[in-house]
Amino acid sequence: MNMSEKSKQHVDSCRFCWMCHHICPIGNATGHERSTARARALGISLVNRGAMQLEEIMDNIYECCTCGGCVSVCVTGWDPVMFTKETRLQAALENKLPEYINTLVDNCLETGNAYGKKEISRDLQKMISAHSEKTDILLFLGTDARCMVPEQAVKAAKVLEKANVKFTLLEDEPESGAQLDFLIGAADEAKQQMNKAAKVMNEYKTVVIYDPNDAKIIKRTYKEYGIETGAQTVTFTAFVAGLLRDGRLKPEKTGKTVVFQDPYQLSRDLEETEEPREIISSYAALHEMLLNRKETVWAGNILMAQYLPDVIAEVSKRRIFNAESIGGTAMVTASVSEYAALKNAAQDKVEILSLEDLILA
Ligand code: SF4
Ligand code: SF4
């Protein structure tokens, strides 16, 4: 396989190592060693040595959620996310993607979202119409919220309304490129989407990014790919924490005791751990789960549930169990995709809430 020397070095370093298998949310959910970073590296190394075909390992390559749990605990600094994404790109270039991934990629290219949705909900449409006028602030909702969890997108807008913020919502919001980046890595198609989105964002002074997955891509990956955003980009959580500090949101205690599910994109990639805690502490009593902040465990998402629904349900259930284990009865999320995944893991012991739920309660 055509792979950079850097990735090959990381693959060969990981393939016989055992040190991060305990942290992998997918490996822990499937109970299979094949789902972990080390086994993925072994498979890639066999392809690199001509002992296996690339298409034989692709299901395994798409088991990784790229959460970076392995990267963050690796004391020697190796990076399984890097070689996993490079393998996805190579499979796309060689036309060796699994059919279920091809479908998601085709949807991204045809409809702008991996789910193939062509319409958004009536309530969200109404909210967008109410904020269609151009202002200095763009609230960038993101594909998952707009297409799959529109009620949360509406709530995000209501939070800004509550603080009397003048902001704009886009009828034709561009895709940030996050979905294609996950599916096929640094492919031209992903970069084209990113460039298009950056161009739209450049028309605003400030872009408030609702979904942490988009925030990671816009604030980090765009830079890595040399894509400029002239606008000031800020996460929804940091923006809302600022509204509280400035007294524009006046918190009322809900009487709830909650735990916080750190989205890895905020805590590991953007090093933002305290802003969501500031928000939560204004509305509820906050307890900490085992494995919080940078050590967080991913709790599932919407995109991977399209092709691995049972595994993602198990991932979510295991994270809810972490909350239950410390006596938690309510879990607050800052990621719309984790919120949807956790809600989907039907159970009646731990209430699943978003930050918006707390603020609008
Ligand atoms: S990332 Fe580090 S800890 Fe994990 S398998 Fe590779 S070398 Fe081992
Ligand atoms: S990035 Fe996450 S899902 Fe992928 S191997 Fe590492 S810990 Fe597992």
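Helix 8 (residues 122-130) and helix 10 (residues 150-162) pack with their axes 8 Å apart, at an angle of about 30°. That angle makes helix 8 roughly parallel to helix 10; angles under 35 degrees count as roughly parallel, over 145 as roughly antiparallel, 65 to 115 as roughly perpendicular and the rest as oblique. Helices here are DSSP runs of H or I with at least four residues, strands are runs of E with at least two, and both are numbered from the N terminus. Axes are lines fitted to C-alpha atoms, for helices over the stretch in contact, and angles run from 0 to 180 degrees between N-to-C directions.

The model is predicted, so local features need pLDDT of at least 70 and side-chain atom pairs count only at pLDDT 80 or more, while totals for chains, interfaces and linings use all residues. Residues are numbered from 1 along each chain as its sequence is written, chains are lettered from A and ligands numbered from 1 in the order in which they are written, and side-chain values use heavy atoms, with hydrogens and water left out.

Helix 8 passes helix 10 in a left-handed crossing, a term used if the near helix is turned anticlockwise from the far one by less than a right angle (right-handed if clockwise). On the helix 8 side, Asp123, Leu124 and Met127 meet Pro150, Ala153, Val154, Ala157, Lys158 and Glu161 of helix 10, contact meaning heavy atoms within 4.5 Å. By class, this contact has 6 nonpolar, no polar and 3 charged residues. In this scheme Ala, Val, Leu, Ile, Met, Phe, Trp, Tyr, Cys and Pro count as nonpolar, Asp, Glu, Lys and Arg as charged, and the others, Gly among them, as polar.

The axes of helix 1 (residues 5-14) and helix 6 (residues 80-93) come within 9 Å and cross at roughly 120°, which makes helix 1 oblique to helix 6. The crossing of these two helices is left-handed. Lys6, Ser7, His10, Val11 and Cys14 of helix 1 make the contact with Pro80, Met82, Phe83 and Glu86 of helix 6. Sorted by class, the residues of this contact are 5 nonpolar, 2 polar and 2 charged.

Turning to the sheets, 3 strands form an open sheet with parallel pairing in the order 1-2-3, where two strands pair if DSSP finds at least two bridges between them. Strand 1 (137-140) and strand 3 (232-235) stand at the edges with a single partner strand each, so one side of each is left without a neighbour in the sheet. From one strand to the next, the twist averages 25°. Strand 1 and strand 2 (residues 206-209) run parallel and are joined by 4 bridges, with leucine 138 opposite valine 207 in strand 2. Helix 13 (residues 212-224) lies across strand 1, strand 2 and strand 3, running at about 150° to strand 3.

An open sheet of 4 strands has the order 5-4-6-7, again with parallel pairing. Its edge strands are strand 5 (285-287) and strand 7 (351-354), each pairing on one side only. Neighbouring strands of this sheet are turned by 40° against each other on average, direction ignored. Strand 4 (residues 257-261) is joined to strand 5 by 3 bridges, and valine 258 stands opposite leucine 286 in strand 5. Helix 18 (residues 309-325) lies across strand 4, strand 6 and strand 7, at about 125° to strand 6. Helix 16 lies across strand 4, strand 5 and strand 6 (330-333), running at about 165° to strand 4.

Helix 16 (residues 274-283) also packs with helix 14 (residues 236-245), their axes coming within 8 Å and crossing at roughly 50°. Helix 14 is therefore oblique to helix 16, and the crossing is left-handed. By class, the contact of helix 14 with helix 16 has 7 nonpolar, 2 polar and 3 charged residues.
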